[in-house]
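Subject: Structure handover

Hello,

The sequence and the structure are placed just below for you to keep. My notes follow them.

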Amino acid sequence: MDIHELQKIVHKTRDSRRTQTLPKYSPAERDTLIKKYHPDHRESAYRPIKFGANAGELTVRELAALLEGESPVPDDLDLTPAHTVDVLVIGGGGAGCAAALHAYAQGAKVLLATKLRLGDSNTVMAQGGIQVAITNEDSPIQHFLDTLKGGHMKNDHELLKVMVEEGPSVAKWLLDLGVLFDRDSDGNLHVKKGGGSSKPRLLTCSDYTGLEIMRVLKDEVLNQKIQLLEFSAAVELLSDRGGACTGAVLRDLDNKRLVVVAAKTVILATGGIGRLHIQGFPTSNHYGATGDGLAMAYRMGAKLLQVDTFQYHPTGAAYPEQLIGALVTEGIRSEGGHLVNARGERFVNELDTRDVVSSSIIRECEEGRGIRTMTGRTGVWLDTPLLDVEQGPGTVEKHFPAMVRQYKRYGIDITKDPVLTYPTLHYQNGGVQIDVNGKSGVRNLFVAGETSGGLHGRNRLMGNSLLDLMVFGRRSGTTAAAQAKSIPQGELTLEHVKRFRADARAHGVSGGITSPMLFPAYAKKE
Ligand code: MEZ
């Protein structure tokens, strides 16, 4: 049936849905739902990692292959450095920019290398806001408890405490730099409520919060004497003979040459792994999200945490084909948008945690209550016009201008018609183990943002990622700069790569992929 015909049920059932009772799950029922439908629990998608710091642990096959992958750098590479700095930051998204700015503010000589252009990252694609406990009704403790509950109590308490406590000062820093957060008519900062949160605490810039934050951070980086190398992808770290990190090898994507950077400390902020399309999922992630930092840190011997858990954002676009996997912000559900199945029914509290909402959508689709597109995809409706019906005409356009524009390109008016959605691979819950200052287990190697793990437990709450980037970007930048002051530049070797290769051979691993992959498998290579 034509998609417009299928949409009619959403308009027809709008009134009756207002009084519909939603399922209320006990903790045990939530657990059962997640185990049955959440992609994290599909056993066949997982296998043990064969060697290295996480040997024997289960992860998805795509990540296992990446971690066990072959370094693209030959053992005999000439390691004469083209650049020598105090702090090398790898990654030009929110965490990388925050780290570079704070390291620079400490007086360090900083080089920021990024695979694409400065700002090309998941940060610019973050739509719905940054969580900060700033209202009188709220507190960092409440923020801590919500996040812990959302993360199934598996969050690192120390990291989490630091993040929630430093939220307000991060918000102030961003405001001082010029980020234009939304305000009420009286000029006070406006806060919204996200899924799994007991209080409204999201600071927003319409539905382009990450883009606005990056606009300001990018300007700030460009305005400082921070050396910037764009289209320079890190492909290997360097180590001294004692295993401490001493720099990195970059590939200049323009001329394919390898460029050696000597650094007293290195901060990895390369983001997540959406573009590995684990389990065949589409992704909301940007083109460069191929887990480069995880692969490089793993070869150095860094321990990874929670490598078996990923976030599938409930509402990725499921129609039209050109938008498959693109994010449809949780902000729409925060403002009351209903999720609706083919029968015109709501089937979940739309503001439950993402793992519960995604599992419920997958259940509806697997049990025949999804909507099937002409290309054979299934999804459920997100009733976007409801916001105009409930809050007055123009609400969707005013609060979600980026989303309206995104769909308009394909002839879809989301102020008039609902959008079809299905979970999309959004975030890696785990990552490199760090301490509260972003220090990994490898000396002089720091990690910030999505590349790090432990903070979010087994399910991240909306808006906690932007806060994570800013808090741990700041902490890693400040600490890496301070540490660089007190140590000499270490020797540049590839000893750890040689060890890793020997380990791979000893475990019978050969002929795998080259990692980092830098771009998704379907990318045009030349
Ligand atoms: O933190 C996120 O993942 C986020 C804000 C996403 C969204 O739905 O807008």
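How many salt bridges does the structure hold? The structure holds 36 of them, a salt bridge being a side-chain nitrogen of Lys or Arg within 4 Å of a carboxyl oxygen of Asp or Glu. Side chains of opposite charge can pair when their charged atoms come close.

Before the rest, a word on the basis. The model is predicted, so local features need pLDDT of at least 70 and side-chain atom pairs count only at pLDDT 80 or more, while totals for chains, interfaces and linings use all residues. Residues are numbered from 1 along each chain as its sequence is written, and side-chain values use heavy atoms, with hydrogens and water left out.

One of the salt bridges joins the side chains of R17 and D383, at 3.2 Å from N to O. R17 lies in helix α2 (residues 14-18) and D383 in strand β16 (residues 378-383), so this pair ties together parts that are 366 residues apart in sequence. Helices (H or I, at least four residues) and strands (E, at least two) are DSSP runs, numbered from the N terminus.

Next, the domains. The domain assignment, which is automatic or from a database, gives domain 1 (3-37 + 311-425) and domain 2 (83-309 + 429-495). Each domain gives 28 residues to the contact, where contact means heavy atoms within 4.5 Å. The C-alpha centres of the two domains lie 30 Å apart.

About 2,200 Å² is buried between domain 1 and domain 2, and carbon and sulfur atoms give 53% of that. Buried area is the accessible area (1.4 Å probe) that two parts lose on being put together, summed over both. In domain 1, Q311, Y312 and L425 lose the most area to domain 2, together 29% of what that side buries.

Across this interface the rule finds one salt bridge. It also finds 18 residue pairs in polar contact there, both residues at pLDDT 80 or more. A polar contact is a pair of N or O atoms within 3.5 Å; within protein, one must be able to donate a hydrogen and the other to accept it, and residues adjacent in sequence count only if both atoms are side-chain atoms. On the domain 1 side, β17 gives the most, with four residues.

Last, the ligand. Residues around the ligand (a heavy atom within 4 Å) include H313, T329, E330, R354 and R460. A ligand oxygen is 2.6 Å from an N or O atom in the side chain of T329. For R460, the corresponding side-chain distance is 2.8 Å.

Regards
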